[in-house]
Amino acid sequence: MKRKFRIITVNHKKFAWWCSFNHGTEIHLSPECDKTAVITVAFPSKVSDDFYSLFPLFVIMQNQKQICRVKLIEPKMISLFLIYLQNDFQSRKTLSFDGCTLLRQMGWHIIQMENGFGW
């Protein structure tokens, strides 16, 4: 059985991260030493279906040097967010960001979002 959260180290600091899939994909980030400081990065779902629950799973994005396809819930994407947001954590507060807007602020151009589905 997998844990509900994972630990990742970025710039010699440890962070906990976990995901939820409510009307889209939400990535929750928190410093390991202060679990009351949470940043949520949300990618809302724009497609609805009665039988399947669709949610954003992959993003194809481009910066000045490269084009890449990254799964939203993999450590590469988590570390990308943490490098940009590591100084924004506030104790006892939850901050929310739109994922697409955040990627644009980081210098990425979003080419396409690809959905995954669950039951």
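Q: How many aromatic pairs does a search of the whole structure find?
A: The model is a predicted one, in which local features need pLDDT of at least 70 and side-chain atom pairs count only at pLDDT 80 or more, while totals for chains, interfaces and linings use all residues. Residues are numbered from 1 along each chain as its sequence is written, and side-chain values use heavy atoms, with hydrogens and water left out. Rings of Phe, Tyr and Trp (its six-membered ring) pair if their centres lie within 6.5 Å, and planes under 30 degrees apart count as stacked, over 60 as edge-to-face and the rest as tilted. On this criterion, the number of aromatic pairs found in the whole structure is three.

Q: How many residues apart are phenylalanine 21 and phenylalanine 55, which form an aromatic pair?
A: Their rings are tilted, with 4.6 Å centre to centre and 45° between the planes. Helices (H or I, at least four residues) and strands (E, at least two) are DSSP runs numbered from the N terminus. Phenylalanine 21 lies in the loop between strand S2 (13-20) and strand S3 (24-31), whereas phenylalanine 55 belongs to strand S5 (residues 53-62), and the pair links distant parts of the chain, the separation being 34 residues.

Q: In which helix does the aromatic partner of phenylalanine 43 lie?
A: Phenylalanine 43 forms a tilted pair with phenylalanine 81, at 6.2 Å centre to centre and 40° between the planes. Phenylalanine 43 is in strand S4 (residues 38-44), so the pair ties together parts that are 38 residues apart in sequence. Both residues are buried, phenylalanine 43 at 2% and phenylalanine 81 at 0%. The element that holds phenylalanine 81, residues 75-85, is helix H1.

Q: Which element gives the most to the largest nonpolar core?
A: A nonpolar core is a set of buried Ala, Val, Leu, Ile, Met, Phe, Trp, Tyr and Cys residues joined through side-chain atoms within 4.5 Å. The largest has 27 residues, and those with the most contacts inside it are Leu29, Val41, Phe81 and Leu103. Strand S1 (6-10), S2, S3, S4, S5, S6, H1 and helix H2 (99-105) each supply at least two residues. With five residues, the element that gives the most is H1.

Q: Which residue forms a salt bridge with arginine 69?
A: A salt bridge is a side-chain nitrogen of Lys or Arg within 4 Å of a carboxyl oxygen of Asp or Glu, and the search of the whole structure finds one. In it, the closest N and O atoms are 2.7 Å apart. Arginine 69 lies in strand S6 (residues 67-71) and its partner in strand S8 (residues 109-118), so the pair ties together parts 45 residues apart in sequence. That partner is glutamate 114.

Q: Over the ring of which residue does the charged end of arginine 69 sit?
A: A charge sits over a ring if NZ of Lys or CZ of Arg is within 6 Å of the ring centre and within 35 degrees of the ring normal. Arginine 69 belongs to the uncovered face of S6, together with Ile67 and Lys71, while Cys68 and Val70 form the covered face. Its charged end is 3.8 Å from the centre of the ring of phenylalanine 58.

Definitions and conventions. Buried means under 20% relative accessible area, exposed over 50%, partly exposed in between (1.4 Å probe, protein chains only).
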